[in-house]
Amino acid sequence: MFVLELTYTAPLAAVDAVLEEHVVWLDEQYRQGVFLASGRKNPRDGGVIIAVAGDRARIEGIIAEDPFVTAGVCAYRVTEFVATKTAPALQAYRETP
């Protein structure tokens with residue numbers, strides 16, 4: 001499981017210019033079962049995504065295709081963790097250490 005933290009590196013006007021493309025990209029990751037939750041940070045200086053994938057390389061490949069990245073308006077910080085305890089709805093994502 002991964003926590004992806006986005007930090008905007010450009011003014012909000014530049015972020016908003018590619019927001020629609022970013023949302024389409026998000027929708028595709030949800031469709032593929034990679035993303036579990038996402039949203040803006042408050043204050044609006046980036047966002048957070050909770051994701052699942054077989055390995056970090058896959059996550060990094062997905063991030064590289066984000067329109068925010070290709071437009072140069074955000075940077076990602078990737079944190080991998082082992083979800084040993086979850087809410088019942090996320091039980092399928094639990095891992096044993």
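Arg 44 is partly exposed, with a relative accessible area of 24% (buried means under 20% relative accessible area, exposed over 50%, and partly exposed in between, for a 1.4 Å probe and protein chains only). The model is predicted, so that local features need pLDDT of at least 70 and side-chain atom pairs count only at pLDDT 80 or more, whereas totals for chains, interfaces and linings use all residues. Residues are numbered from 1 along each chain as its sequence is written, and side-chain values use heavy atoms, with hydrogens and water left out.

The side chain of Arg 44 meets that of Asp 16 in a salt bridge, at 2.5 Å from N to O (a salt bridge is a side-chain nitrogen of Lys or Arg within 4 Å of a carboxyl oxygen of Asp or Glu). Because Arg 44 lies in the loop between strand 2 and strand 3 and Asp 16 in helix 1 (residues 12-17), the pair ties together parts that are 28 residues apart in sequence. Asp 16 is likewise classed as partly exposed, at 37% relative accessibility. Helices (H or I, at least four residues) and strands (E, at least two) are DSSP runs, numbered from the N terminus.

By this rule, six salt bridges are counted. Within helix 2, Glu 28 and Arg 31 are three residues apart, about one helical turn, and their closest N and O atoms are 2.6 Å apart in a salt bridge. Glu 28 is partly exposed at 27%, while Arg 31 is exposed at 61%. In helix 3, Arg 56 and Glu 60 are four residues apart, about one turn, and form a salt bridge with a closest N to O distance of 2.9 Å. Both residues are partly exposed, Arg 56 at 33% and Glu 60 at 41%. A network of salt bridges links Glu 5, Lys 41, Asp 45 and Arg 77.

The four strands form an open sheet in the order 2-3-1-4, with antiparallel pairing (two strands pair if DSSP finds at least two bridges between them). Strand 2 (35-40) and strand 4 (74-80) are at the edges with a single partner strand each, so one side of each lacks a neighbour in the sheet. The twist averages 15° from one strand to the next (axes are lines fitted to C-alpha atoms, for helices over the stretch in contact, and angles run from 0 to 180 degrees between N-to-C directions). Strand 1 (residues 2-8) and strand 3 (residues 46-51) run antiparallel and are joined by six bridges; Phe 2 has Ala 51 of strand 3 as its bridge partner.

Helix 2 (residues 19-31) lies across strands 1, 2, 3 and 4, at about 160° to strand 2 (contact means heavy atoms within 4.5 Å). Helix 3 (residues 56-64) also lies across strands 1, 2, 3 and 4, running at about 165° to strand 4.
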